[in-house]
Amino acid sequence: MPLFHFMHNKYIFIFLSLLFVNGVAWAQAEIRVTDDRGQSVTLRAPAQRIISLAPHITENLYAIGAGDQVVGVVAFSDYPPEAQALPQVGDFANLNIERILSLKPDLVVAWIDGTSPEQLARLEAFGIPVLRESPDTFAEIAQAMRRLGQLAGRNGEAEAVAADIETRITHLQQRYAQQRPLHVFYQLWHKPLMTANHSQLVDRMIRLCGGKNLFASRPEVAPTVNLEAVIAADPDLILSAVEQHDAGWRETWEPWPHMRAVKYQHLYSVDADLVHRATARAVQGAEQICSKLAQARAQLHQQQSNGEATR
């Protein structure tokens, strides 16, 4: 075979090989994840224009380094502070569909429990991929981080955040699993007096730290309870997320000094954003609650040693 033809055929072979390899690479570049409804969401490439439809989603996108890819958020997306400067596209109940379309998103991330299914279906009808999520446990928060990392092309950053969550939660589990259980009243709101049932993230934090949420079995997600029921339950401590709205919330309990939580001044404030938002910062919320319970547990142990604080 003449050298020219050999070289010519060789380059054709290389060219075709490169086309094949590039074709495989292109196929592999397709990103496919399963959302919390069990539905598949597919992107041809990492999303560059993301709209977040919940404050915790906004926070998680920033946590994995995808903040610059977020082009729109909903009301109350206040962390990190730079998220407050982003265009708003409505709130959890009502979306501005026209505003969303004008931002030309290549991905919308929605909270299953927060956004109207009909409005999300409208977005999908315009060809916009929608990921629906609802992380309720720390394992699911870590999973949500990894899934967002895939969709945003931030796998490495997302894996680091998810692994940190898992490591710190495992540490808390090992540290508090065998501790003396404490009866906890969680004060979600003050007027009316409200608490949280077993379905909320804060309940999982309380259990993680060796506590028993007194109203966990109530069917309502956020039960309204009367003062008499809490007094009768006689919690070892009261945790409250209302400090920002009612700095004098502890005074509500002062008229009942026979309650153990009041008698021993086990009235602790926790940061609502840390214990209600399914984010990486929720680990801080868990650590905060564990610290409060440990403090109360140590004091009760001391009182018991002195012949007091027994049930």
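Visitor: With which side chain does the side chain of Tyr186 make a polar contact?

Guide: A polar contact is a pair of N or O atoms within 3.5 Å; within protein, one must be able to donate a hydrogen and the other to accept it, and residues adjacent in sequence count only if both atoms are side-chain atoms. Here the side chain of Tyr186 pairs with that of His276 at 2.7 Å. This is a predicted model, in which local features need pLDDT of at least 70 and side-chain atom pairs pLDDT 80 or more, while totals for chains, interfaces and linings use all residues. Residues are numbered from 1 along each chain as its sequence is written, and side-chain values use heavy atoms, with hydrogens and water left out.

Visitor: Is Tyr186 buried or exposed?

Guide: Buried means under 20% relative accessible area, exposed over 50%, and partly exposed in between (1.4 Å probe, protein chains only). Tyr186 has a relative accessible area of 0%, and therefore counts as buried. Its place is in strand β7, residues 182-187; helices (H or I, at least four residues) and strands (E, at least two) are DSSP runs, numbered from the N terminus.

Visitor: Which residues does Tyr186 touch beyond four places in sequence?

Guide: Contact means heavy atoms within 4.5 Å. By that criterion Tyr186 touches Met194, Thr195, Ala196, Val202, Ile206, Leu239, Ala241, Val270, Val275 and His276.

Visitor: Where does Ser240 lie, and what does its side chain approach?

Guide: Ser240 is in strand β9, residues 237-240, and is buried because its relative accessibility is 0%. A polar atom of its side chain lies 3.2 Å from the backbone nitrogen of Val242. Outside four places in sequence, the contacts of Ser240 are Gln187, Trp249, Tyr268, Ser269 and Val270.

Visitor: Which residues of helix α4 are buried, and which exposed residues does the opposite face carry?

Guide: In α4 (residues 117-125), the buried residues are Gln119, Leu120 and Leu123. Viewed down the helix axis, they fall within an arc of 100 degrees, so they line one face; the arc is that of the directions from the axis to the C-beta atoms. The face turned away from the buried side carries the exposed residues Pro117, Glu118 and Ala125.

Visitor: What covers the buried residues of α4?

Guide: The cover includes α3 (97-102), β5 (107-111) and β6 (130-133). Just after α4, Gly127 adopts a positive phi of about 85 degrees.
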